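Load the model in a viewer and keep the selection panel open. The stops below go from the whole chain to single side chains.

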Amino acid sequence: MISYLSAGLLALIGLTRLMAVRSGPKHLATFFLSMAAALAISAEGTVRLLGDDLLPRLVTNALQLLAMRALVQLVRSTRSPEKPTAFWPIVVCWTLMVLCYLDFAPHRFEAGTSGFQWRWSIVAYQVVLTAYAVTCLVMFIRTLARSAAGRPRGTFRTGLRILVCAAAATIGWVLFSGLPSLWLEITDLADLDFLPRARLLGLCAMVLWVLGGLFTTWDGALRLARAWKGIRAVTPLWKELVAAQPQIALPVRHDLEFTLYRRVIEIRDGLLALRAHVPPHLGDWLRTPVDEPTRAAAELAAALVMREAGKSWPHRPRRDAHPGIREESAWLSAVSSAFKHSRVVREVRERAVAEVA
């Protein structure tokens, strides 16, 4: 159950990374998804269901090497210019592991004996797996530690440091679980006792990866949540303006943060185009003082009516936009809410309709 739970958390982090990074490298997402699949396949329940412990281990180890390569790609992508990561080393490792598997698989019933654990194919398999994984992890730790040292304080830097600890713990896990022939020879562990201990070390390392991943993706997840909230808040206002002026709509994009930025631009274009239709005597229709978002919503409601009636006036000074997308989004959200719910806006719309009737 712990293996499946950890796999689910890793998969969730990987999918979150994919959503947060729609374009560009997805190396960290590849790492988390590969490790999630490896944990799920190596879990006791999966092995028991398949009725074979060697083939799931081969697939698990192949996925683990893919995850290690993703870490190398991640650290290389931070260099300028980015250094590409050759694919042939991992293909060579996979090929050697499969050839070794084909040699020792027919002798699976000898597992646990000294002759099996020191078979040339078993030793070669363990050396290839361990050497590739440790090399990738050492490269990852060196680069990420330098990157974390230059980051400002915050959850992202904390996450990077936890990932460094996770990589160091994973090296320990790889050296232990990747060389069972050595450890079974120099310790008193039985073969049946070795795998549970190796799995426990792996789960401890995975907990660190999960924590590091959660900390590094926290800011991205918050940005996505804020973008989604902002999109929902400005959508009523945006729909009214696009319905009245379809030409302001830009091509569809599925990136949430860009979608919010684009809708703010479209709303701004729509409000600018309607400035000439705002009645100069609109202030006389407001019975009581109102806040700025409500007044802007009332101007929009009156301008839409006057535009339909073909009435316009000389341009009036435009309110300066807010300096940041978050501030502008908050302002337009308030305007959108007032446009949809304010009694003052309804009264202004009714006065405008009565005037053009």
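**Tour of the chain**

Start with residues 118-141, whose end C-alpha atoms lie 32 Å apart; this span is 92% helix and 0% strand. Helices (H or I, at least four residues) and strands (E, at least two) are DSSP runs, numbered from the N terminus. This is a predicted model, in which local features need pLDDT of at least 70 and side-chain atom pairs count only at pLDDT 80 or more, while totals for chains, interfaces and linings use all residues. Residues are numbered from 1 along each chain as its sequence is written, and side-chain values use heavy atoms, with hydrogens and water left out.

Next, select residues 30-50: the end C-alpha atoms are 25 Å apart, with 95% helix and 0% strand. An unreviewed UniProt entry places "transmembrane region" features at both spans, and also at 86-106, 162-180 and 200-222; such annotations may be inferred rather than shown by experiment.

Now color by secondary structure: the chain has 14 helices and 0 strands.

Of its 52 residues, L10, F31, M68 and W209 touch the most other members. Helix 7 (120-149) is among the helices that each supply at least two residues, and its 13 residues are the largest share.

Zoom in on M68. Leaving out residues up to four places away in sequence, M68 touches F31, M35, Y132, A133, C136 and L137 (contact: heavy atoms within 4.5 Å).

Finish at a second, separate core of 36 residues, including L237, V335, V345 and V348.

Definitions and conventions. A nonpolar core is a set of buried Ala, Val, Leu, Ile, Met, Phe, Trp, Tyr and Cys residues joined through side-chain atoms within 4.5 Å. Buried means under 20% relative accessible area, exposed over 50%, partly exposed in between (1.4 Å probe, protein chains only).
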